[in-house]
Amino acid sequence: MRYSEMFLPTGREVPSDAEVISHQLMIRAGMIRKLTSGIYSYLPLGYRVIRKVEQIVREEMNKASAQEVFLPMVQPAELWQESGRWEYYGKELLRFQDRHERKYCLGPTHEEVITDLVRNDIKTYRQLPRNLYQIQTKFRDEVRPRFGVMRCREFGMKDAYSFDADEASAEVSYGKMFAAYNNIFRRCGLRFRPVEADSGSIGGKYSHEFMVMAESGEDAMVVCDKCSYAANLEKAETARPEQVKIAENEWLLQESVHTPEVRTIEEVCDFLQVTPRDIVKTLIFNADGKSCAILIRGDQEVNEIKVKNYLGANELELADDEMILKATGAPRGFAGAVNIKTRIFADYSVMNMVNFVTGANKENYHLKNVNIGRDFTVEAFADLRVVEKNDKCPRCGGDIHFVRGIEVGHVFKLGTKYSKSLQASYLDKDGQEKLMIMGCYGIGIGRTVAACIEQNNDANGIVWPMPLAPYHVIITPVNVNEGNVFQAAEKIYSELLAAGIEVVFDDRDERAGVKFKDADLIGIPLRVIIGQKNLVSGNVELKIRKSGETKIYPLQKIVSAIQISITEGLELEAAAPSSG
């Protein structure tokens with residue numbers, strides 16, 4: 001492609017509303033333009049990268065025996081009502097009516113549509129397993145779109161759905177997709193890590209996120225230094241401690257203390273001269289309309305996702321003042337486990353505590369020397385808190401550390417969540433009707449591109465890994481008005497095109513410095529620089545964008561040198577370790 005013919009509006013100024021480097025560089029490099037909040041147009045350079053990601057995805061999905069379909073973006077309300085998600089999904093689901101006042105939504109995901117398709121055409125175990133995927137536009141009405149295409153409202157996604165006859169077969173399907181995702185992101189030249197994750201509004205038994213390592217990432221994840229354990233912060237587990245037998249003679253006499261207007265942990269510590277580790281917080285939650293108490297040590301934070309999953313609740317939120325008063329008999333700030341009128345669950349951090357402080361379920365009072373077993377009982381102990389740096393790996397006991405990343409893919413084990421509500425069943429070998437076991441597998445195409453830029457950039461612009469580069473080579477004649485320089489550039493350009501190499505010929509009548517800055521900004525991996533000084537000796541210069549290394553080649557050998565560099569670049573990226 002000749003640069004003079006390209007629609008490539010590059011810029012030097014950093015956009016004022018672009019918070020992260022990928023957003024800044026995608027605009028400056030002429031890849032995207034904002035249409036309205038959270039909605040972007042992809043320009044030719046950006047769309048070429050999108051297509052590169054899509055091609056890798058298609059090849060690996062097809063290799064894993066998945067078949068491509070294309071499903072409607074507009075979905076009828078009846079399907080979402082049948083699955084139970086019409087109201088549950090929330091305001092991110094853009095609902096509207098057609099001229100006949102029939103209700104629809106713009107698809108944020110396609111579980112309902114694909115399940116409806118399969119239930120109507122698959123009737124017997126002989127037709128299973130099946131895995132169908134698509135690359136399609138989604139719309140989620142994000143309350144706060146930000147970070148360019150990383151958190152936008154309209155976006156491209158690859159979503160796949162597997163249907164199996166039993167759990168064993170579903171595990172095989174999940175394993176195939178897990179392996180395919182590792183292959184996809186490795187081929188994209190990314191440093192990434194699969195981590196255990198919560199399934200969120202999609203639902204299901206368990207899931208893994210594929211996280212691209214980047215300091216600018218929105219998501220924190222916990223990684224073990226010793227074994228392969230990794231999980232996002234919502235899912236990261238704490239190990240169950242060994243329960244210590246506490247002798248009753250260690251229990252001190254319970255004491256009620258007047259604590260006027262003392263509500264927070266800090267205030268209680270100051271008033272009673274104790275530390276947060278001596279206090280048990282009692283948090284009252286509203287779980288599907290019913291109250292429950294969650295106990296946790298004063299220096300720890302409750303993980304509401306864990307609480308929600310442990311209780312099996314569809315909706316969970318901190319209780320309002322009325323529910324707190326009904327459960328405790330006191331206003332907010334004085335809740336405790338003694339004589340409380342609701343179910344009690346405790347985090348592992350409380351399990352071995354003795355003679356601790358709690359609220360007294362009485363306004364302006366707290367209790368000292370409270371003990372489990374004597375003063376109240378706990379229905380169950382569980383992992384209900386946020387992991388901290390000094391915690392140990394729940395798998396091997398090794399040290400953990402926190403890193404940041406960008407979620408680019410997510411694989412879910414759905415089970416029968418949708419096949420049950422939408423009645424997607426089949427007849428087994430004995431003629432018995434059984435529900436299909438489902439899996440769901442998504443990749444954010446635009447997010448993958450943005451994550452790649454977050455991981456591959458420098459002060460001058462983007463540094464594309466070879467597999468995702470919009471073009472592999474840019475030819476830069478220093479002065480197009482020098483006849484022999486321009487002719488040499490044309491010759492190399494024609495030979496590269498004939499060899500099937502993706503190449504840009506910067507034929508603009510611009511200063512060399514301008515061309516070099518643009519080439520660095522858009523991040524083309526290889527740059528052929530043709531100047532009078534080298535050309536007198538029959539040579540041209542090849543510069544590697546990633547390393548900055550330059551090499552001089554004879555004019556007649558430059559094409560073969562480029563072919564070798566591209567091959568080596570593709571192989572190097574594909575072989576790179578995922579966690580980098």
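View 1. Strand β4 and strand β6 (residues 103–106) run antiparallel and are joined by three bridges, where helices (H or I, at least four residues) and strands (E, at least two) are DSSP runs numbered from the N terminus, and two strands pair if DSSP finds at least two bridges between them. This is a predicted model, in which local features need pLDDT of at least 70 and side-chain atom pairs count only at pLDDT 80 or more, while totals for chains, interfaces and linings use all residues. Residues are numbered from 1 along each chain as its sequence is written, and side-chain values use heavy atoms, with hydrogens and water left out. Within this pairing, P76 stands opposite Y104 in β6. The open sheet has three strands in the order β4-β6-β5, with antiparallel pairing. Because β4 (74–76) and β5 (95–97) stand at the edges with a single partner strand each, one side of each is left without a neighbour in the sheet. From one strand to the next, the twist averages 40 degrees, with axes being lines fitted to C-alpha atoms, for helices over the stretch in contact, and angles running from 0 to 180 degrees between N-to-C directions.

**View 2. Strand β9 and its partner β10.** Strands of a sheet pair through backbone hydrogen bonds, either parallel or antiparallel. Here β9 and strand β10 (residues 206–213) pair in the antiparallel sense over six bridges, and A197 stands opposite S207 in β10. In strand β9 (residues 192–197), six of the six residues are buried, where buried means under 20% relative accessible area, exposed over 50% and partly exposed in between (1.4 Å probe, protein chains only). Both faces of β9 are covered, with F192, P194 and E196 buried on one side and R193, V195 and A197 buried on the other.

**View 3. The largest nonpolar core.** A nonpolar core is a set of buried Ala, Val, Leu, Ile, Met, Phe, Trp, Tyr and Cys residues joined through side-chain atoms within 4.5 Å. The largest one has 63 residues, of which M31, Y181, F185, V449 and W464 touch the most other members. Helix α2 (residues 44–63) gives the most to this core, with seven residues. A second, separate core of 25 residues includes L71, I122, L128 and C440.

**View 4. Helix α2 crossing helix α11.** The axes of α2 and helix α11 (residues 445–455) come within 9 Å and cross at roughly 115 degrees. That makes α2 roughly perpendicular to α11, as angles under 35 degrees count as roughly parallel, over 145 as roughly antiparallel, 65 to 115 as roughly perpendicular and the rest as oblique. The contact, meaning heavy atoms within 4.5 Å, is made by V49, I50, V53, E54 and V57 of α2 together with I445, G446, T448 and V449 of α11.

**View 5. An open sheet of five strands.** The strands follow the order β28-β27-β29-β30-β31, with mixed pairing. At the edges are β28 (503–505) and β31 (550–554), each of which pairs on one side only. Strand β29 (residues 526–530) and strand β30 (residues 539–544) run antiparallel and are joined by four bridges, and R527 stands opposite K543 in β30.

**View 6. The surroundings of H23.** H23 is found in helix α1 (residues 21–28) and is buried, with a relative accessible area of 4%. Leaving aside neighbours within four places in sequence, H23 is in contact with D17, A18, I32, Y40, F147 and G148.
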